[in-house]
Amino acid sequence: MAHQLRAVGLDFIETAPVRLVFTQEMSAPPEAVFRALAEDVPDWAEWFSAVTLARSTGDGSTREIHLKGGGRFQETVIAAKDPEVYAYRVDVANAPGARAIAEEWLLTPTGTGTRVRWTFAVDGTAAFRVVAKLGRAGLGRAFRSAVRALDRRLAG
């Protein structure tokens, strides 16, 4: 059952009760990575294996995301500063116990490539927070795999 989450801003990325942060290097430049994140939303399902559907809604400032396993989210973009940061919050989710979720993709140039730092920030019931922390290893694997797949896609 879907429910409304608390509307949070970019500051939540730094202050959330649970913050999972992952970093991965890419050979693609930040501009190309930013375009893939912010402008090619439907293509997320092609390179992020956990995503089964991604589409912009409204004027492009909102998104609908479906995940393997049944996760469904309606999101609002809270930062889109080309080519440095792309962030969004979850407004509606079918995740039991979730109260607030936001994600940030921070892109830093490294030579001709990009260092990608993804922060998954959440608040929820005590049980939800425990489950989020227990999911760290799986989220990290999914992130690294997605970044590698996106890098191959952008190189091709």
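Some housekeeping. Residues are numbered from 1 along each chain as its sequence is written, and side-chain values use heavy atoms, with hydrogens and water left out. Because the model is predicted, local features need pLDDT of at least 70 and side-chain atom pairs count only at pLDDT 80 or more, while totals for chains, interfaces and linings use all residues.

I begin with the strands. Helices (H or I, at least four residues) and strands (E, at least two) are DSSP runs, numbered from the N terminus. Two strands pair if DSSP finds at least two bridges between them. Strand E6, residues 85-93, pairs with strand E7, residues 98-110, in the antiparallel sense over five bridges. Within this pairing, Tyr88 stands opposite Glu103 in E7. E6 and E7 make a hairpin with four residues between them, and Gly97 in the turn has a positive phi of about 90°.

E7 also runs antiparallel to strand E8, residues 113-124, and twelve bridges join the two. Here Thr110 stands opposite Gly113 in E8. This hairpin has two residues between its strands.

Next, helix H2. I will call a residue buried under 20% relative accessible area, exposed over 50%, and partly exposed in between (1.4 Å probe, protein chains only). Seven of the nine residues of H2 are buried, so this helix is largely enclosed by the rest of the structure. The buried ones are Pro30, Ala32, Val33, Phe34, Ala36, Leu37 and Ala38.

Asp40 is found in the loop between helix H2 (30-38) and helix H3 (44-47), and counts as partly exposed at 34% relative accessibility.

Asp40 also belongs to a patch of negative charge on the surface, together with Glu31, Glu39 and Asp82. Patches are made of residues with over 30% relative accessible area and no salt bridge; like charges are joined within 9 Å, and nonpolar side chains (Val, Leu, Ile, Met, Phe, Trp, Tyr) within 5 Å.

That leaves the salt bridges. Side chains of opposite charge can pair when their charged atoms come close. A salt bridge here is a side-chain nitrogen of Lys or Arg within 4 Å of a carboxyl oxygen of Asp or Glu. The whole structure has ten of them.

One joins Arg153 and Asp43, at 3.3 Å from N to O. This pair links distant parts of the chain, 110 residues apart: Arg153 is in helix H5 (residues 136-155), and Asp43 is in the loop between H2 and H3. Both are partly exposed, Arg153 with 39% and Asp43 with 28%.

Another joins Glu104 and Arg117, at 3.4 Å from N to O. Glu104 lies in strand E7 and Arg117 in strand E8, so the pair ties together parts that are 13 residues apart in sequence. Glu104 is buried at 8%, whereas Arg117 is partly exposed at 27%.

Terms used. Accessible areas come from the Shrake-Rupley method with a 1.4 Å probe; for residues, only the protein chains shown count as cover. Lys and Arg count as positive and Asp and Glu as negative; His and the chain ends are not counted. The place of a charge is taken as NZ of Lys, CZ of Arg, CG of Asp or CD of Glu.
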